[in-house]
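Open the model in your viewer and keep the selection panel at hand. The tour takes the chain as a whole, then two stops along it.

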Amino acid sequence: MNKNKKDVKVEIKKGSMDEWPEPIVRVQSLAESNLSSLPDRYIKPASQRPTTTEEAPAATNIPIIDLEGLFSEEGTSDDVIMARISEACREWGFFQVLNHGVRPELMDAARESWREFFHLPVNAKETYSNSPRTYEGYGSRLGVEKGAILDWSDYYYLHLLPPRLKDFNKWPSFPPTIREVIDEYGKELVNLSGRIMRVLSSNLGLKEDKFQAAFGGENIGACLRVNYYPKCPRPELALGLSSHSDPGGMTILLPDDQVFGLQVRKDDTWITVKPHPHAFIVNIGDQIQILSNSTYKSVEHRVIVNSEKERVSLAFFYNPKSDIPIQPLQELVSTHSPPLYPPMTFDQYRLFIRTQGPRGKSHVESHVSPR
């Protein structure tokens, strides 16, 4: 992916994004067939499998930050909260937020509506089957590499913004309230994301609207990926989602606070995140790492599965306008801190990743400018 700075291109074989390279198998159907062993296609190489010996002590968790009082009607902010967010973005790339302004009842309704959807008969869900071109709809794999080792999960992917991509015909019609719940949920998370973006800008000594402007102002992209992780017969051999950093700007995750699954890489240790009830988990994506010239970190994370319980989570992605070149902000570049990344639009970056599937931090690292 290291190309000339002035001509960064993504080369995709024509037609390769119109269909999956192999017949799709729904992981939920496999899980419900009472398997005693794990199909080979889901067995990760030994170096990628989760192990209990590498987990951090039980007391370790990503930062938990209470946002109450951060934004008052007068527009003033709390310096202590700002500093905690700054440290979390620089050192962790992840943090949980409490008192974020989204109603707990809406959060519960969103997660449980999707749980009901995934409990529908397979044929009802197949109506919404997706393709790798947009990923929108009901899916079970990432990347178009034939013969790839797959993750133990199904998902549903939806575009929320820009308005021209928001197509209610691609949204499930059951349960009956799911469309209005997700529509309200999406609007609330767009607002929350905008508030956090202002903090990210201010913490770097920039005007508070600088990051938002670099993303396209109000013309940003937003989408939702709902993850369904069925019970797995051999969880020590599989992953619900392989190690990766998020390609977009910022992710706001609504976890299943009854079932742990998300793991974040801190130095050389995988830390299992313990979700706080009605908290959101915020993580920095590759686009913000690029804008900040690597001051803020997008961090590897993955999802483990278990043999006892299913798990449902909602990942909301707040992304730049798809055709704006993203590069380090000029205010953050100097002779002592040269730009680490050449310009690339989010469309180009995302398309590259969609052909590869999740691969740790290799995507953003391969985008570093040659010296």
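A residue counts as buried when its relative accessible area is under 20%. Keep that cut-off in mind for the second stop.

**The whole chain**

Start with everything selected. This is a predicted model. Of the 371 residues in the chain, 53% are buried. Switch to a surface: the chain exposes about 16,700 Å², and carbon and sulfur atoms supply 50% of that area. Among contacts with a separation of 6 or more, 79% join residues 24 or more positions apart.

**First stop: Asn 61**

Select Asn 61, in the loop that runs between helix 1 (27–31) and strand 1 (64–66). Which backbone oxygen does the side chain of Asn 61 reach? That of Lys 274, at 3.1 Å. Now show the surroundings. Setting aside residues up to four places away in sequence, Asn 61 touches Trp 92, Gln 96, Ile 271, Val 273 and Lys 274.

**Second stop: Pro 230**

Next, select Pro 230, in the loop between strand 5 (221–229) and strand 6 (241–244). Is Pro 230 buried or exposed? Its relative accessibility is 3%, which is under 20%, so Pro 230 counts as buried.

Display what lies around it. Apart from neighbours within four places in sequence, Pro 230 is in contact with Val 27, Gln 28, Ala 31, Trp 152, Ser 153, Asn 306 and Glu 310.

Definitions and conventions: Residues are numbered from 1 along each chain as its sequence is written. This is a predicted model: local features need pLDDT of at least 70, side-chain atom pairs count only at pLDDT 80 or more; totals for chains, interfaces and linings use all residues. Side-chain values use heavy atoms; hydrogens and water are left out. Helices (H or I, at least four residues) and strands (E, at least two) are DSSP runs, numbered from the N terminus. A polar contact is a pair of N or O atoms within 3.5 Å; within protein, one must be able to donate a hydrogen and the other to accept it, and residues adjacent in sequence count only if both atoms are side-chain atoms. Contact means heavy atoms within 4.5 Å. Buried means under 20% relative accessible area, exposed over 50%, partly exposed in between (1.4 Å probe, protein chains only). Accessible areas come from the Shrake-Rupley method with a 1.4 Å probe; for residues, only the protein chains shown count as cover.
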